[in-house]
Amino acid sequence: ELVISSAIALLHRTVFANAEVRKGKWYQVKGRQLSECTFGIVGCGYIGKDIVKMLQPFNCKVLAHDILQFDEFYSQNNVTSVSLVELLKSSDVVTLHLPLDKSTKNIINKERLNLFKSDAVLINLARGGLVDEAALKQSLIENKLAGAALDVFEVEPPIDFSLSEMDNVLITPHIGGSTEEAILAMGMAAIDGLDNAKKPLLFK
């Protein structure tokens, strides 16, 4: 839900519009609709698949890139599997859903940020360290990217708060899983794990 709401907020330029109103200005700020956009999902595991399903009413063209191939799911949900380069070049919205390891560290770096369309937006609510934050800041300053939403940083709280001062950036303090429903579900999953735990097999 936070991914979808972030995408809508960035495309509709609500951060900028809110900043203008706070300055006492009142005029029409033109944005874009999520409907019928090209939505790129980098990492189509459990969360990526949930986003695909939530996007159905918006009639988006959905692209996915993953090291695993989910042919049946892609076919059933009208998702096109593409290379990372093609996804970044084609998408209006790019959202990351990856673990952080050696292979994904700064997966969105300066070179890959240069592949984005200038009116595209980037969402990272997954893991800090997936995005080169300095390169992202420069891309936003140079208008090579229309906006970004970040719920995670490589260092939390971030050392450099200047991104939070930009009127095309939406920043939240790592709240992706901080809903009453999600916290309850995690607690119940932990209890279930304890109730149904099995002794591991011992090999001689």
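The buried residues of helix H3, in this predicted model, pack against helix H1 (2–11), strand S1 (38–42), strand S2 (61–65), helix H4 (71–76) and strand S3 (79–81), where contact means heavy atoms within 4.5 Å. Helices (H or I, at least four residues) and strands (E, at least two) are DSSP runs, numbered from the N terminus. Helix H3 covers residues 46–54, and its buried residues are Gly48, Lys49, Ile51 and Val52; buried means under 20% relative accessible area, exposed over 50%, partly exposed in between (1.4 Å probe, protein chains only). Seen down the axis of H3, these buried residues fall within an arc of 155°, so they line one face of the helix, the arc being that of the directions from the helix axis to the C-beta atoms. Tyr46 and Ile47, on the other side of H3, are exposed.

Residues are numbered from 1 along each chain as its sequence is written. Because the model is predicted, local features need pLDDT of at least 70 and side-chain atom pairs count only at pLDDT 80 or more, while totals for chains, interfaces and linings use all residues, and side-chain values use heavy atoms, with hydrogens and water left out.

Turning to the cysteines, the count comes to 0 disulfides, a disulfide being a pair of cysteine sulfur atoms within 2.5 Å. Cys37 is in no disulfide, and the nearest cysteine sulfur, that of Cys60, lies 5.9 Å away; for Cys44, also in no disulfide, the nearest cysteine sulfur is that of Cys60, 14 Å away. Cys37 is buried, with a relative accessible area of 4%, and Cys44 is buried, with a relative accessible area of 0%.
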